[in-house]
Amino acid sequence: MILVNTDYISGKELEMLGLVKGSTIQSKNLGKDITQSFKTLVGGELKAYTEMMNDARALATKRMVAEAEGMGADAIVNIRYASAAVMQGAAEVMAYGTAVKFVNK
């Protein structure tokens, strides 16, 4: 499966199949949440949250790819990510794009 954030793939003629998406809502456990809140007092990267968001993007991407594979897609173009806070310490990540098939393989 080819994943790109452009609306084309060089050398390929594309047939659009439709929108595909994947999402997840992630949170850290209370202990990590408390230790990260102390980190905001001194500044710096909140590594536990960086890790959480990386894991969330990977899972959302995996779910988007699974939906595209179910449609028989060869690639997903114009991929975008969106995130939103759901509550303190929890975030939703959504990956979405257009599933396509190659006309000339």
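Colleague: What pattern does the protein follow when read along the sequence?
Modeller: In this predicted model, local features need pLDDT of at least 70 and side-chain atom pairs count only at pLDDT 80 or more, whereas totals for chains, interfaces and linings use all residues. Residues are numbered from 1 along each chain as its sequence is written, and side-chain values use heavy atoms, with hydrogens and water left out. The protein has two helices and four strands, which are DSSP runs numbered from the N terminus (helices H or I, at least four residues; strands E, at least two). Along the sequence, the pattern is β-β-α-α-β-β.

Colleague: In what order do the strands of the open sheet stand?
Modeller: Two strands count as paired if DSSP finds at least two bridges between them. E1 and strand E3 (residues 75-87) pair in the parallel sense over two bridges, while ten bridges join E3 to E4, which run antiparallel, and E2 and E4 pair in the antiparallel sense over 13 bridges. The pairing in this sheet of four strands is therefore mixed, and the order is E1-E3-E4-E2.

Colleague: Which are the edge strands?
Modeller: An edge strand of this sheet pairs on one side only. The edge strands are strand E1 (2-3) and strand E2 (14-27).

Colleague: Which residue in E4 stands opposite methionine 16?
Modeller: Bridge partners can be named for other pairs too: leucine 3 has isoleucine 76 in E3 as its partner, and alanine 82 has methionine 94 in E4. For methionine 16, the residue opposite in E4 is valine 100.

Colleague: What angle does the direction of helix H2 make with that of E2?
Modeller: Helix H2 (residues 47-70) packs on the sheet and touches E1, E2, E3 and strand E4 (90-102), contact meaning heavy atoms within 4.5 Å. Axes are lines fitted to C-alpha atoms, for helices over the stretch in contact, and angles run from 0 to 180 degrees between N-to-C directions. On that basis, the angle between H2 and E2 is about 145°.

Colleague: Is threonine 61 buried or exposed?
Modeller: Threonine 61 is found in helix H2 and, leaving aside its neighbours within four places in sequence, is in contact with Leu3, Tyr81 and Ala95. A polar contact of 2.6 Å joins the side chains of threonine 61 and tyrosine 81, such a contact being a pair of N or O atoms within 3.5 Å, of which, within protein, one must be able to donate a hydrogen and the other to accept it, while residues adjacent in sequence count only if both atoms are side-chain atoms. Because its relative accessible area is 14%, threonine 61 is buried.

Colleague: What distance separates the C-alpha atoms of glutamine 26 and alanine 90?
Modeller: Glutamine 26 has its place in strand E2, and its side chain makes a polar contact with the side chain of threonine 24 (3.0 Å). Glutamine 26 and alanine 90 are 64 residues apart along the chain, and their C-alpha atoms are separated by 5.5 Å.

Methods:
Buried < 20%, exposed > 50% of the residue type's maximum accessible area, 1.4 Å probe, protein only.
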